[in-house]
Structure formats: structure tokens, C-alpha cells
Amino acid sequence: MDLSLLTTASQPTTEVLPALGLLPHRVSVLPLDAAALVDRNAGDVILLDARRDLAAARTFTRVLAAAELAVPVIAVLTEGGLIAVSAEWAVDDFVLDTAGPAELDARLRLAVERTTLRENPTPDQVDIGELTIDESTYSARLSGTPLDLTYKEFELLKFLAQHPGRVFSRSHLVQEVWGYDYFGGTRTVDVHVRRLRAKLGPEHDAMIGTVRNVGYKFVRPPEPSGRAGHESASRDPAADPGR
């Protein structure tokens, strides 16, 4: 990940955010000047040193917003500076200068993912084969027949269907569907997968595939045999009586 650190500190990475030195990200140190970002790639995230002059930092966030750089901005604050944070700060997130590498990396990753979703929003409806998932109405239909799903079953099916072919571990699915504050364990994923397969029925339960010792994935259903057979016949010269 490419980061732009805007600061006037003499020892930027060690003084402003020591955890940066423990992460593999590439850091470009720039002055607190929006013009420095206009003619160059701002990277994936802008880190703004807001530890000292809070009023100036808040004003500068508005300048960055007006520049429309389409890059998330994270303010670096001291714990005492939190009292000044309000909706007037045009930032996507903030992080304390004492944050550890794990927290910092998570905030950077989430800021990038949120920006990506804003630029490329996920469609409300997912259509894969005979399965239709409508997020706006929290409903799913299979071959036109509504599926009677619980909220979590729906969320699990939707998440897997939005990433067909990609394998997700049970712990990843817990985080995405149940949230980071869920402490019920990964066993609940297996339970919900069994229920989902039962509701999909024996003809379609293979849509949710198991990757042994890894997790689950959504398997794209094959083309209907009738359609495939028709297309094959149309391409077969022997099937044409005129040949």
C-alpha cells in the first residue's frame, strides 16, 4: 500500500506514527501543502499529522476535500486531541499516534475498502444462474421461488454469491457476516451452511462448496443442460438434415 504522510515533523515515521516502521507499506513524506498532492499520485491513503495544531489541521482537511483527490484521509491525533474531533473534520477516519501496527493496518485497509465501495458500489441485486438475491428487499429466489431465509442465512448467501469462486475461511465469514464483536465461534458458520444447503435443495445445494481444511465458496451453477444441448446441436453438421 502506498501512503502519503503530510507532516512538518523532522523525524516523520518514527515521531508521528511509530507503528508505520513495523509495516511493509511504502511511505512518501510530504509537507502540509495541498499543492504537493496535485501534481503527483497521492497513493492509497493520506495520513495527516494533526497532533499539534488542531485548528489548522481541521482547516487543512477541508482543503483536501475541496481538492477532490478521491483518496481516503486519516488524521493522526494524540489522545488529548480527540476532544476536538467533530463532523467538521473532513476525514475518513482517525488513528492515535500510539496505535499499534495491527490497529493501524486495519484502519488503513478499511479506509481503502470503503473508498472502493463508494466508487464502485455493490449492485442491490445479484443474479447467478437461477439464483436471484435482492439486497434492497432482503429476499432471495431460486428458479423464481422465494427462499425462506433467516437474516444471517441471507447475509451469508449474499456474501458468498457476491464473490463466486473465492474461498473464505470460517473466521473470515464470521467477521464479514456476524461482525468483529461476535464471540460465538466459527461453528455457527457450519450450522448456517447446512441450513442454507437444505433450503437450496438437493439440486442446488452444491452452490455452496466446501474446501476441506479451508472454508467455503460459492460455486457458479452450470448452464442448463437443455440450452447447452441445443447450442451443441446447432453447431453439429450431422444435426442439419440439409448437409
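The largest pocket has a volume of about 680 Å³. A pocket here is an open set of points on a 1 Å grid over the protein atoms alone, with protein on both sides within 12 Å along at least five of seven lines. The volume is the space filled by probe spheres set on the points. This is a predicted model, where local features need pLDDT of at least 70, side-chain atom pairs count only at pLDDT 80 or more, and totals for chains, interfaces and linings use all residues. Residues are numbered from 1 along each chain as its sequence is written, and side-chain values use heavy atoms, without hydrogens or water.

Select Glu 113, Leu 117, Phe 159, His 163 and Glu 176. Of the 19 lining residues, these lie nearest the pocket centre. Lining residues have an atom within 4 Å of a point.

Now show helix 4 (101–119), which gives the most to this lining, with six residues. Helices are DSSP runs (H or I, at least four residues), and strands are E runs of at least two.

Next, helix 6 (170–178) and helix 7 (187–200). They pack at about 80 degrees, axes 9 Å apart. Helix 6 is therefore roughly perpendicular to helix 7 (65 to 115 degrees). The axes are lines fitted to C-alpha atoms over the stretch in contact, and angles run from 0 to 180 degrees between N-to-C directions. Arg 170, Leu 173, Val 174 and Trp 178 meet Thr 188, Val 189, Asp 190 and His 192 (heavy atoms within 4.5 Å).

Finish at His 204, in the loop between helix 7 and strand 11 (208–211). Beyond neighbours within four places in sequence, His 204 contacts Glu 130, Leu 142 and Ser 143.

Technical notes
On a 1 Å grid over the protein atoms alone, a cavity is a set of points where a 1.4 Å probe fits but cannot get out, and a pocket is an open set with protein on both sides within 12 Å along at least five of seven lines; lining residues have an atom within 4 Å of a point. Angles under 35 degrees count as roughly parallel, over 145 as roughly antiparallel, 65 to 115 as roughly perpendicular and the rest as oblique.
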